[in-house]
Structure formats: C-alpha cells, structure tokens
Amino acid sequence: MVFLAITHTGLANALRAATPDDAIWCGSDAISEADYATMKHRNLTRFIYELGDRVLVDDAIGTIEEHHPGQIIWVEAAASS
C-alpha cells in the first residue's frame, strides 16, 4: 500500500499506520527538507513541491502510480465541514 500525505498531521498519521513495507509519499508542505533528511522510515519519499493544489495532487498520484504500479494509494483528504 502507498500513502500520500498532504499535511504535517497527515504525514504523522501515515507514519503511524504504515507497515515497514508500505511506501509513504508527501509534499514539501508536510515535512521540511531538513526534517526529511533525518527521517528513518526507509520508504518515505518527499516531493520538492507543496501539494496544496488539487492539480498537483493529481500529478503526484500519477508519479506514485509510475513507481508503484498496481498498488492501492491512500490519499489524505480533509473532512468537509
């Protein structure tokens, strides 16, 4: 399974939920470059851009599909109020 985290909180949740074999991807708005450099999760990948825009999320999903064909991708989404 692959997790796509959009926010810092979503990344923290994905890191807790993921098994060692799950991949986690996130945008630069979810984790700073310095914090990413110190992370110990072996399957964490950070995009160099923020994922706050829906078009960028769609692009990110496309990239993830290229790297993890056939995998289920869980995408963080905010609950509507």
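Analyst: A residue is buried under 20% relative accessible area, exposed over 50% and partly exposed in between, with a 1.4 Å probe and protein chains only. This is a predicted model, in which local features need pLDDT of at least 70 and side-chain atom pairs count only at pLDDT 80 or more, while totals for chains, interfaces and linings use all residues. Residues are numbered from 1 along each chain as its sequence is written, and side-chain values use heavy atoms, with hydrogens and water left out.

User: Why is Tyr-49 called partly exposed?

Analyst: The relative accessible area of Tyr-49 is 28%, which lies between the limits of 20% and 50%, so Tyr-49 is partly exposed.

User: What makes Phe-47 count as buried?

Analyst: Its relative accessibility is 8%. That value is under 20%, so Phe-47 is buried. Trp-25 is buried as well.

User: How many aromatic pairs does the structure hold?

Analyst: There are 2 aromatic pairs. Rings of Phe, Tyr and Trp (its six-membered ring) pair if their centres lie within 6.5 Å; planes under 30 degrees apart are stacked, over 60 edge-to-face and the rest tilted.

User: Why is the pair of Trp-25 and Phe-47 called tilted?

Analyst: The ring centres of Trp-25 and Phe-47 are 5.2 Å apart, which is within 6.5 Å, and their planes stand at 45°, so the pair is neither stacked nor edge-to-face but tilted. This pair links distant parts of the chain, 22 residues apart: Trp-25 lies in strand S2 (residues 23-26), and Phe-47 in the loop between strand S3 (44-46) and helix H3 (54-67). Helices (H or I, at least four residues) and strands (E, at least two) are DSSP runs, numbered from the N terminus.

User: What makes Phe-47 and Tyr-49 a tilted pair?

Analyst: Their ring centres are 5.3 Å apart and their planes are at 35°, so this pair is tilted. Trp-25, Phe-47 and Tyr-49 form one aromatic cluster.

User: How do you know that strand S1 pairs with S2?

Analyst: Two strands pair if DSSP finds at least two bridges between them. S1 (residues 2-5) is joined to S2 by 4 bridges, so the two strands pair, and they run parallel. The bridge partner of Phe-3 in S2 is Ile-24. S1 and S4 also pair in the parallel sense, over 3 bridges.

User: Why do S3 and S4 stand at the edges?

Analyst: The open, parallel sheet has 4 strands in the order S3-S2-S1-S4. S3 and strand S4 (73-75) each have a single partner strand, so one side of each is left without a neighbour in the sheet.
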